[in-house]
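Welcome! Have a look at the molecule, then try each task before reading on.

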Amino acid sequence: MPRIGIIGGSGLYSLLDSPRTVEVDTPFGRVELSMGSLGGRSVAFLPRHGRGHRIPPFRVNYRGNLLALRKVGVERVLATNAVGGIDPKLRPGTLLVPDDFMDFTKGRAYTYYDGETEIEVGGRVIRGVVHVSMTPSSYCPELRRALVEAGRRAGVDVVDGGVYVCTEGNRFETAAEIRALRILGGDVVGMTGCPEAALARELAMCYATVAVVTNYAAGVAGAAKLTHDEVKEIFSRRMDDVRSILEGAVSLIPEERGCACKDALEGAVVSG
Ligand SMILES: [Zn+2]
């Protein structure tokens, strides 16, 4: 059973060695995963936007995706996201492992615990009210460390820390929105990091992401009219580095979890 899962954005479809496709049924629909190996370990891979990048960020089945990974044994999730740089120091091409996030999405399914759906986590069935905590670490510190260290070993510059802001899309942000997000403390902005990170916490899974800065956010010095072609071009140029970071991180992740993520449901369940 793979204990590590990778949720990839565009450009990572052929990440695993000898992959085979597995379909997993969840209360949120059927999810197709790829199972194979990476860095000598068994890994499950999930292309967030589906094959051929057909699913827009606001329609991604975040709940189904993470629960499917959980069901095949995954406890730790490494993700990738394409982002815009709000902080002008974060030039296009920068890789960043955020240490916190802000969720400014507007209409997604934010929780497993809707008071109706039965969710099984580690043999425990919950169908009530649950409030997980996002402190002291919004992202798993153990996985963040593995990603940053993998970058260092591969000779790839990785910015350690930063605040990821998630917007709803589909359009890119306005310059006024980016000014506001900068005042609020955002460093990078994307459309797919939330509610993914919080849903992982709700399943007591570890989660961390490597964000690829593909452009300056709107209104940031140097920003021009943004096209998806530019985003794709920068993203694909950095894909080799992202792959080596993911591969390195997979082999650096400790066998047993030493972080608090596994205890996320302790004291969080108001009614089971
Ligand atoms: Zn963790």
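**Exercise 1.** Is Asp25 buried, partly exposed or exposed?

*Solution.* Before starting, note that this is a predicted model, where local features need pLDDT of at least 70, side-chain atom pairs count only at pLDDT 80 or more, and totals for chains, interfaces and linings use all residues. Residues are numbered from 1 along each chain as its sequence is written, and side-chain values use heavy atoms, with hydrogens and water left out.

Step 1: recall the classes: buried is under 20% relative accessible area, exposed is over 50%, and partly exposed lies in between (1.4 Å probe, protein chains only). Step 2: Asp25 has a relative accessibility of 45%, so Asp25 counts as partly exposed.

**Exercise 2.** Locate the two ends of the salt bridge between Arg41 and Glu255.

*Solution.* Step 1: the closest N and O atoms of this pair are 3.5 Å apart. Step 2: Arg41 sits in strand 4 (residues 41-47) and Glu255 in the loop between helix 6 and strand 15, so the bridge links distant parts of the chain, 214 residues apart. Helices (H or I, at least four residues) and strands (E, at least two) are DSSP runs, numbered from the N terminus. Step 3: both residues also belong to a salt-bridge network with Arg3 and Glu75.

**Exercise 3.** Which residues coordinate the zinc ion, and why is the arrangement tetrahedral?

*Solution.* Step 1: look for donors, meaning N, O and S atoms within 2.8 Å of the metal (3.2 Å for Na, K and Ca); water is not among the atoms, so sites may look incomplete. Step 2: the SG atoms of Cys140, Cys206, Cys259 and Cys261 coordinate the zinc ion at 2.2 to 2.3 Å. Step 3: four donors count as tetrahedral if all angles lie between 85 and 135 degrees. The four donor atoms here subtend angles of 97 to 116°, which makes the arrangement tetrahedral. Step 4: Cys140 and Cys261 are both buried.

How values were computed: Four donors count as tetrahedral if all angles lie between 85 and 135 degrees; four count as square planar and six as octahedral if opposite donors are over 155 degrees apart and all others between 65 and 115; anything else is irregular. A salt bridge is a side-chain nitrogen of Lys or Arg within 4 Å of a carboxyl oxygen of Asp or Glu.
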